[in-house]
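Me: Please show me the structure, and then let us work through it by question and answer.

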Amino acid sequence: MEHVTAFAAVPETVRAFGFFIDGTWRDAAERETMVRRSPAFGRDVTSVALCTRADVDEAVAAARKAFRARSWAGIGGADRAAVLLGVARIIRQRAEELAFWETLETGKPISQSRAEIADAAGHYEYCAGIAQSLSGEAFNTHGDDMFGVVTREPVGVVGLINPWNFPFIVLAERLPYILASGNSVVVKPSEMTSATTLMFADLLKEAGLPDGVYNVVTGTGPVVGQAIAEHRDVDMISFTGSTRTGEAVLKASASNFKKASLELGGKNPQIVFADADLDDAADGVAFGLCFNAGQCCVSGSRLIVEETVAERFQALVLDKLSRIRIGDCLDPETQLGAIVSDQQCEKILGYVKLGEEEGATVACGGNTVAVSGGRFIAPTLLTGVRNDMRVAREEIFGPVLCMITFSTAGEALEIANDSPYGLGASIWTKDIDKALRAMRGVQAGRTWVNTTIAGGPGQPVGGFKQSGIGREGGRMGVEEYTEVKSVHIAIGKRKHWVT
Ligand code: TXE
């Protein structure tokens with residue numbers, strides 16, 4: 001396959017990107033630029049423009065112009081569906097190229113990038129269906145002189161601020177849902193991982209998306225992200241990132257009372273009951289921890305295991321963690337990828353040290369691993385953790401697992417729910433009653449039984465408590481980006497008030 005050879009090695013030169021407004025590319029020109037060093041290879045791979053507030057104004061104006069022109073919002077759902085299906089087809093055609101740049105910038109293993117690009121295409125296909133079937137309600141029950149309908153319409157201009165951990169799949173979990181009803185969008189990818197969001201502009205254009213509907217401004221959070229969140233002509237903000245930045249975005253969005261959808265941090269429990277298939281559970285726990293090197297909002301970072309099997313289960317997990325393949329991220333066999341930045345690496349190692357200071361034991365890992373010039377952290381298990389320790393309460397965002405034990409099902413749920421977060425939770429048991437009770441009791445927007453981090457376009461995702469507001473994905477994901485209009489229509493001659 002020709003494309004495999006073309007994307008097999010780190011390029012010799014840095015790929016410089018402009019930014020994309022109203023269907024055209026803009027050069028970085030006199031703006032400052034930011035060079036991205038690949039975390040997996042230690043080599044400079046891309047550079048992006050640090051856009052300004054004026055660039056954001058221009059992008060928002062273009063999105064507004066497209067929305068007013070109704071070039072996208074005004075066409076039929078079937079026509080929007082045709083474009084979204086075309087997008088999916090082109091993603092599949094260019095999957096290898098997209099996966100390659102995703103791996104270079106993020107440091108995730110190429111097998112994972114490939115899977116994420118394929119999954120992304122599925123979101124555009126799914127939303128093509130909803131673009132055609134989105135509907136409201138009709139009320140034929142208001143009596144002979146009144147008819148009621150509830151309609152949905154696109155909210156208008158959406159500002160989309162995305163993180164660095166899943167640049168292309170997070171975009172796919174939002175963009176087609178935003179586009180399905182006819183909105184326009186201004187996207188700000190993370191300054192560290194902008195490439196695939198920028199490359200996508202050409203794919204959307206090729207598929208027939210009208211100019212001005214998709215605009216990308218690159219740059220830093222405090223300048224570009226803040227300007228989008230504050231902008232008075234942006235109708236809705238969708239943010240994915242840390243809870244702290246989410247709070248700043250929500251405050252900024254009050255400038256014009258934007259609608260807001262936020263997916264934030266997590267400290268997700270893996271509850272393992274003694275009657276679970278412990279081999280399966282150990283494998284699931286290892287995957288849930290090491291997927292995306294733990295830099296994942298639904299990473300299973302708190303292992304809450306029944307006391308009676310704790311020792312045996314710890315041995316099984318240690319065995320799994322010791323056999324995870326860390327290595328060249330362009331090698332399809334590699335399982336554990338790199339840590340996104342020096343800062344993130346320091347943060348993770350700092351937490352391991354803190355865990356020890358708080359009384360936990362490092363049962364494995366806790367060290368960096370040098371491969372291919374990149375920056376990696378070995379899978380780490382902290383044992384003897386109590387749920388009131390900072391390592392058990394704060395989002396570490398790396399491959400660090402905190403093991404806590406419990407003696408009753410009630411206690412397991414109490415520990416699981418004793419967290420400011422409520423994003424994901426996994427339950428491992430072969431007892432159906434126990435599984436259902438735990439599923440009902442756990443406070444988490446996504447809950448898995450005998451699996452973890454499973455998902456797809458059909459079911460909504462989002463968080464309880466400080467893990468966010470709103471839901472992405474599924475039919476709800478499209479509805480989230482609409483306004484609801486309640487309409488009463490009188491039939492016949494009016495009964496006069498002033499007689
Ligand atoms: O996230 P930020 P950072 C968590 C994780 C990680 C920590 C810090 O714990 O260690 O956050 O990562 C933009 N106004 N998560 O600093 O700041 C920023 O440019 C508007 C969890 O990278 O939340 C980027 O595009 N936007 C998470 C995006 O916000 C601003 C994923 C996310 O960056 C802004 C990532 C501002 N004032 C990190 N400041 C998850 N839940 O998956 C920054 N940004």
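Reply: A polar contact is a pair of N or O atoms within 3.5 Å; within protein, one must be able to donate a hydrogen and the other to accept it, and residues adjacent in sequence count only if both atoms are side-chain atoms. This is a predicted model, in which local features need pLDDT of at least 70, side-chain atom pairs count only at pLDDT 80 or more, and totals for chains, interfaces and linings use all residues. Residues are numbered from 1 along each chain as its sequence is written, and side-chain values use heavy atoms, with hydrogens and water left out.

Me: Which side chain does the side chain of Glu472 join in a polar contact of 2.7 Å?

Reply: Glu472 is found in the loop between strand E24 (468–469) and helix H17 (474–479); helices (H or I, at least four residues) and strands (E, at least two) are DSSP runs, numbered from the N terminus. With a relative accessible area of 2%, Glu472 is buried, a word that means under 20%, whereas exposed means over 50% and partly exposed lies in between (1.4 Å probe, protein chains only). At 2.7 Å, the partner of the Glu472 side chain is that of Ser261.

Me: Is Lys430 buried or exposed?

Reply: The loop between strand E21 (424–428) and helix H16 (432–441) holds Lys430. Its relative accessible area is 56%, so Lys430 is exposed.

Me: What distance separates a backbone N or O atom of Asn162 from an oxygen atom of the ligand?

Reply: An N or O atom in the side chain of Asn165 is 3.0 Å from an oxygen atom of the ligand. For a backbone N or O atom of Gly221, the distance to a ligand oxygen atom is 3.3 Å. For the backbone atom of Asn162, the value is 2.7 Å.
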